[in-house]
Amino acid sequence: MTAFHSTDMTVKTCKRCLYRDDHPLGLVIDDDGICSGCRIHEEKDQLDWDHRWHELETLVAPYRSTDTRNYDCIVPVSGAGDSYFIVHTVVNRLKLKPLLVTYNRYYNTPLGIRNLANLRRKFNTDILIQNVNPLSVKSIIRTTLRRFRSFHWPAIAGQTVFPVQTAVSHRIPLIIWGAHQGLEQVGMFSHLHNVEMTRRYRKDHDLMGFEADDLLSIFDNLREEEIWQYRYPSWDELDDVGVRGIYLGNYMRWDPLAQHQQMVELYNYQSAEQNRTFDVFDHVDDWHYADTHDWIKFEKHGFGKATDHACREIRHGRISRQIGKKLSDDYGKQKPKNMELLLEWLGLDEQSLNYLLNPNAIKRMGLNDIELNTRADSAPLKTSTEAAIREIFQPNSSLGLEQHTPSPIVIGKGYPDIK
Ligand SMILES: [Zn+2]
């Protein structure tokens, strides 16, 4: 297969993890052959985390409201990811009263809806849900597919902007996020930099360089009424409220696996096997993230979510680099299972998708002739490898992602087992 990403022989790979120095977030490899992500990860075993936690408590103290009718902070959540752990930390450890916010990405799995309903119930918290009308979302997706081969742009744009819009509209200045992706993956910052949310990082990395208004200026077929919900508040609005977004990962030793295991035990967070990664916790609320979205990412950049998860586990010392490489290679070749569901929702056939993915790139993308594996076709992992991984990553939900609904669940407000 001819991959879309660079095959330049001068590209270097980290000796410890699997990332290369052409990582889209930017990464440097030092004279010892170790990448910046691995170097920053070393801080996790060097920093005084009790001291860091104290810094966090001091930081949030002024935001604690004395009026019980007010919220102390905003916490963005979904039916997966680190949502439970963040809310647990905010409510039970920092003793703050959050307003939860969530953006409906329209790719909801039953498990994601169940996990979100359970989260609201277990923590007894208020939540705001943003539903952008699906016609606008689909119009934007057609544009972003054609422009930068992403159908996930509205999802990422929405989930990163709705909390900020809510901070302004409800005059709640503090937003609390989990870990900073740039720090965790590629060591863009030290934990000691206490980096906070910025509009610039969101645009450059989350949104691939395009904010809502940039889409308007490039394409005539998108209209103001379709993009305004994704517009970032102005500097004056942010300044007036004093909006800031902080990352818990700067103040706590961030370890998603350990955190998820704790959330399963404490709150019955549920997990499921995913198509294109061995991790059973992240993204189980989304039909397409560890599926078609990840396959496109793999074609563009030469690695997918399994590589991210393998690098994380290698750095935490739970799997060897060799096992990580095998997992990354095997899952990277997995054929997307839910593409039909996506195409049906978008009203596209595969040919139209090819066109929108950029006609000049079809051949290089190899969309039509790529040899993809199904799980049964791929070489089985060595028993010891598979056993080691299965032992660590155990799905616990009966709502596996194999169970297709006939059409996407566009909105879900509760779930039968959550009273
Ligand atoms: Zn590395």
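Which residue takes a positive phi just after H14? In the predicted model, local features require pLDDT of at least 70 and side-chain atom pairs count only at pLDDT 80 or more, whereas totals for chains, interfaces and linings use all residues. Residues are numbered from 1 along each chain as its sequence is written. The residue in question is Gly317, with a phi of about 80°.

The protein chain contains 19 helices and five strands, assigned as DSSP runs numbered from the N terminus (helices: H or I, at least four residues; strands: E, at least two). Helix H14 (residues 305-315) is largely enclosed by the rest of the structure, because 11 of its 11 residues are buried, that is, have 20 or more other C-beta atoms within 10 Å of their own, with C-beta atoms placed from the backbone. Among these buried residues are Lys305, Asp308, His309, Arg312, Glu313 and Arg315. Their cover includes helices H1 (36-42), H7 (181-186), H12 (256-267), H13 (289-301) and H15 (321-332).

Across the protein chain, buried residues make up 44% of the 419 residues.

Strands S2 (residues 98-103) and S3 (residues 126-130) pair in the parallel sense over five bridges, pairing being assigned where DSSP finds at least two bridges between two strands.

Methods. A residue is buried if 20 or more other C-beta atoms lie within 10 Å of its own, exposed if 12 or fewer, and partly exposed in between; C-beta atoms are placed from the backbone. Two residues are in contact if their C-beta atoms, placed from the backbone, lie within 7 Å.
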